[in-house]
Amino acid sequence: MMELEYKEHLSPILKDGVKNYLIDIDGTITDDVPNEEPERMVTCEPYPDALETVNKWYDEGHQICFFTSRTENLKQITIDWLDKHGFKYHSVLCGKPRGGNYHWIDNHLVRATRYKGKFTDLVEKQVTIEVFKD
């Protein structure tokens with residue numbers, strides 16, 4: 001169960017130190033399998049470092065949500081695959097827009113980490129970002 005803090009008339013937030021990970025599936029925790037080839041979704045293998053890292057985050061108390069461009073009709077195949085391979089998670093959201101190059105706009109703090117071939121612990125790094133004018 002997610003531990004949330006509530007403030008009057010505001011959306012709830014997670015307790016300090018808890019992250020709400022939204023993790024893509026295809027090309028991130030396993031091979032990049034397009035919706036048009038669902039038969040491959042059953043046979044692909046997880047990236048070992050992804051399985052280990054995601055489960056570690058879960059065990060540390062973070063929220064794990066797989067947020068995928070897979071369509072809703074492929075959700076059960078996805079859940080079965082995650083369970084078969086031992087991923088620990090809280091939820092699966094289908095229907096993320098396809099096409100990448102995302103620019104997320106939200107009233108909550110959003111941090112994005114681009115997957116480049118290996119899951120590890122996250123480190124802090126200074127980078128240039130685009131923001132709205134003050």
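Which residues does Thr30 touch, not counting residues up to four places away in sequence? I started my notebook with that one. Thr30 touches Ile25, Cys44, Glu45, Pro46, Tyr47 and Trp81. Before going on, a reminder to myself that this is a predicted model.

**Entry 1: Thr30**

I found Thr30 in the loop between E3 and H1. I looked up its relative accessible area and got 0%. Thr30 is therefore buried, as the cut-off is under 20%. I then followed the side chain of Thr30 and saw that it reaches the backbone oxygen of Glu45 at 2.6 Å. Glu45 is also on the list of residues that Thr30 touches.

**Entry 2: Thr28**

Next I went to Thr28, which is in the loop between E3 and helix H1 (38–43). Buried or exposed, I wondered about Thr28? Thr28 counts as buried because its relative accessibility is 12%. Its side chain and that of Asp24 are joined by a polar contact of 3.2 Å. Beyond four places in sequence, I listed Ile23, Tyr47, Ala50, Tyr115 and Phe119 as contacts of Thr28. Tyr47 is a contact of Thr28, and Thr30 touches Tyr47 as well.

**Entry 3: Lys96**

Asp24 came up again when I checked Lys96. I placed Lys96 in the segment after E5. Its relative accessibility is 11%, so I put Lys96 down as buried. The side chains of Lys96 and Asp24 make a polar contact of 3.1 Å. Leaving out neighbours within four places in sequence, Lys96 is in contact with Asp24, Phe67, Thr68, Ser69 and Tyr102. I also took a C-alpha distance from Lys96 to Gln63: they are 33 residues apart along the chain and separated by 18 Å.

**Entry 4: Arg98**

Arg98 is also in the segment after E5. Which side chain makes a polar contact with the side chain of Arg98? I found Glu36, at 2.9 Å. With neighbours within four places set aside, Arg98 is in contact with Pro34, Asn35, Glu36 and Ser69. For Asn35 I noted 63 residues of separation in sequence and 10.0 Å from C-alpha to C-alpha. Ser69 is a contact of Arg98, and Lys96 is in contact with Ser69 too.

**Entry 5: the nonpolar core**

Then I turned to the largest nonpolar core, which has 21 residues. Those that touch the most other members are Ile23, Ile29, Ile64, Phe66, Leu82, Phe87 and Tyr89. I checked which elements supply at least two residues each, and wrote down strand E3 (20–23), helix H2 (48–59), strand E4 (63–68), helix H3 (75–84) and strand E5 (91–94). In soluble globular proteins, nonpolar side chains tend to be buried together. Beyond four places in sequence, its contacts are Ile23, Asp24, Ile25, Ile29, Val54, Leu82, Phe87, Tyr89, Ser91, Val92 and Leu93. Asp24 is on that list for Phe66.

**Entry 6: the whole chain**

Last, I jotted down some totals. I counted three helices and five strands in the protein chain, in the pattern β-β-β-α-α-β-α-β along the sequence. Of its 134 residues, 29% count as buried. Among contacts with a separation of 6 or more, 68% come from residues 24 or more positions apart. The C-alpha trace spans about 45 × 35 × 30 Å along its principal axes. The chain has 17 positive and 24 negative charges, and their mean positions are 4 Å apart.

Notes. Residues are numbered from 1 along each chain as its sequence is written. This is a predicted model: local features need pLDDT of at least 70, side-chain atom pairs count only at pLDDT 80 or more; totals for chains, interfaces and linings use all residues. Side-chain values use heavy atoms; hydrogens and water are left out. A nonpolar core is a set of buried Ala, Val, Leu, Ile, Met, Phe, Trp, Tyr and Cys residues joined through side-chain atoms within 4.5 Å. Buried means under 20% relative accessible area, exposed over 50%, partly exposed in between (1.4 Å probe, protein chains only). Helices (H or I, at least four residues) and strands (E, at least two) are DSSP runs, numbered from the N terminus. Contact means heavy atoms within 4.5 Å. Lys and Arg count as positive and Asp and Glu as negative; His and the chain ends are not counted. The place of a charge is taken as NZ of Lys, CZ of Arg, CG of Asp or CD of Glu. A polar contact is a pair of N or O atoms within 3.5 Å; within protein, one must be able to donate a hydrogen and the other to accept it, and residues adjacent in sequence count only if both atoms are side-chain atoms.
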